[in-house]
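Me: I have a structure open and would like to learn how to read it. Could you walk me through a few features?

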Amino acid sequence: MDGKKLYIETYGCQMNASDTEVIFSILGKAGYVRTENISEADVILANTCSVRDNAEQRIMGRIEQFRLQKKKRKGVIIGIVGCMAERLKDRLLDGHELDLVAGPDSYRSLPGLLESIAPDRPAINTMLSHEETYADISPMRTDKNGVSAFISIMRGCNNVCSYCVVPYTRGAERSRDPYSIIREAREVFDAGYREVTLLGQNVDSYLWKGDDGTAVNFAGLLRMTAEVSPSLRVRFSTSHPKDISDEVIETMAAYGNICKHIHLPVQSGSTAVLEKMRRKYTREWYLERVARIRSVIPDIGLTTDVIAGFCGETLQDHADTLSLMEQVGFDWAFMFRYSERPGTLAARKYPDDVPPEEKTRRLNEIIELQNRKSLENYRKKIGCELEVLVEGPSRRNPDELCGRASDNKMCVFPAGGHRTGDYVRVRVESCTSATLICTLQE
Ligand code: SAH
Ligand code: SF4
Ligand code: F3S
């Protein structure tokens, strides 16, 4: 396979971005070389997401473009890997002229699968695993700046949120050996990286049990990672409101290099809707966790995910979501219209009965409120001094740099001789609802 060129397009969450790096590493060992230019690729893959219908539709549109490449250049292999491969399995082979379908736990078999492909003989592996964590594989980093790396600490999900397809596409939850995680964190630090983000669908339920009876929970893993170096920032995603523990909150407070940001998806502010979503917490529980976090870490950056128009959501439920968002005042939110996913509990049990235009109306109200809250929160930072890790040149002005503060807010500031990977002290002068505009603090 020496020198065959491999092109991967990645969709969906950070777990997928991290998996793409695992795939490059596995296929790199088998002789494939990464290309970012689709028109010279011998193998073209989409690492896909099934979380909402429009995500899948967009990918199917892209597959048509892949087919054009195949028509233009004989012998090109095209395939779908990741969550859509797992969800749709061999149904994907009908009518799309795909050569390969491979689910998220099958990536070690990719070299063999690719070799076995012949005209009209596609290869498929969608077996899920209870053990696979790719622990021993050093991902080939594909980030642009060489500063911030994702490290996958667990796979799958054992929750059954009724709207969510992830447990079906990613299988059962399993935690990765902490020593392999720390080894990876050291590797990237030695390579010049200054930030790692520990990834899992529900990091608070991370639990690794050694053969000798010892156990490491998420707070323990955070401590171990933070101790790799005080100059290595540690971030993590995603926290689950039902599982985030006082021990985790206190560990965050105890280490200066654990960033003061929590992504804590609320989904809805109505206890009745949360119950139907099977989130296993109430509005009051969520607010108590936020209060607890803020009492230990007053300058915490909080972000969230919200779903508008879930099955049976009343106008009062929607108003409850708005009032929760008003009360908490998130820095930022990912906001979605509910999209029914085949096979999930909600699809089987509850009619998707909020009309599309009403979902859109509610979503727009949520977005409008969030934009106002974001601007308020960013404004509160004016006059503050912050430590920023430089990620690279700012998008708008090559004489400026950009980077995040500990609480995850994006800052732009004059370059002043600083370089990517430096820690810089800045002072916030003004802002938009998504950026802090700063001067250098010498
Ligand atoms: N494990 C994470 C979220 C993974 S999916 C957690 O538990 O929070 C990312 C986000 O997509 C979810 O938080 C949710 O807001 C959204 N999402 C998931 N399924 C969805 C659906 N069927 N329709 C709309 N949004 C959905
Ligand atoms: Fe989906 Fe819930 Fe698991 Fe998150 S915790 S991945 S929303 S099932
Ligand atoms: Fe999408 Fe799979 Fe992530 S469904 S959100 S890519 S786990």
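Me: What should I know before I start?

Reply: This is a predicted model, where local features need pLDDT of at least 70, side-chain atom pairs count only at pLDDT 80 or more, and totals for chains, interfaces and linings use all residues. Residues are numbered from 1 along each chain as its sequence is written, chains are lettered from A and ligands numbered from 1 in the order in which they are written, and side-chain values use heavy atoms, with hydrogens and water left out.

Me: How many cavities of 30 Å³ or more does the structure hold?

Reply: Rolling a probe the size of a water molecule over the atoms shows where empty space is left. On a 1 Å grid over the protein atoms alone, a cavity is a set of points where a 1.4 Å probe fits but cannot get out, and lining residues have an atom within 4 Å of a point. Here there is one cavity of 30 Å³ or more. The largest cavity has a volume of about 70 Å³, the volume being the space filled by probe spheres set on the points, which are joined across faces, edges and corners. Its lining has 13 residues, and Ser18, Val22, Pro139, Ser152 and Arg176 lie nearest the centre. The elements α1 (14–29) and β7 each give two or more residues to that lining.

Me: Strand β7 came up there. Is Ala149, in that strand, buried or exposed?

Reply: Buried means under 20% relative accessible area, exposed over 50%, and partly exposed in between (1.4 Å probe, protein chains only). Ala149 has a relative accessible area of 2%, so Ala149 is buried. Strands (E, at least two residues) and helices (H or I, at least four) are DSSP runs, numbered from the N terminus, and β7 covers residues 148–152. Leaving aside neighbours within four places in sequence, Ala149 is in contact (heavy atoms within 4.5 Å) with residues including Arg141, Val188 and Tyr193.

Me: What about Thr169?

Reply: Thr169 lies in helix α5 (residues 166–170), and counts as buried at 0% relative accessibility. Beyond four places in sequence, its contacts include Ser50, Cys83 and Leu128.

Me: Which residues are around ligand 2?

Reply: Among them are Cys157, Cys161, Cys164, His240 and Arg279, each with a heavy atom within 4 Å of the ligand.

Conventions:
1 Å grid on protein atoms, 1.4 Å probe; cavity = no way out; pocket = protein on both sides within 12 Å on 5 of 7 lines; lining within 4 Å.
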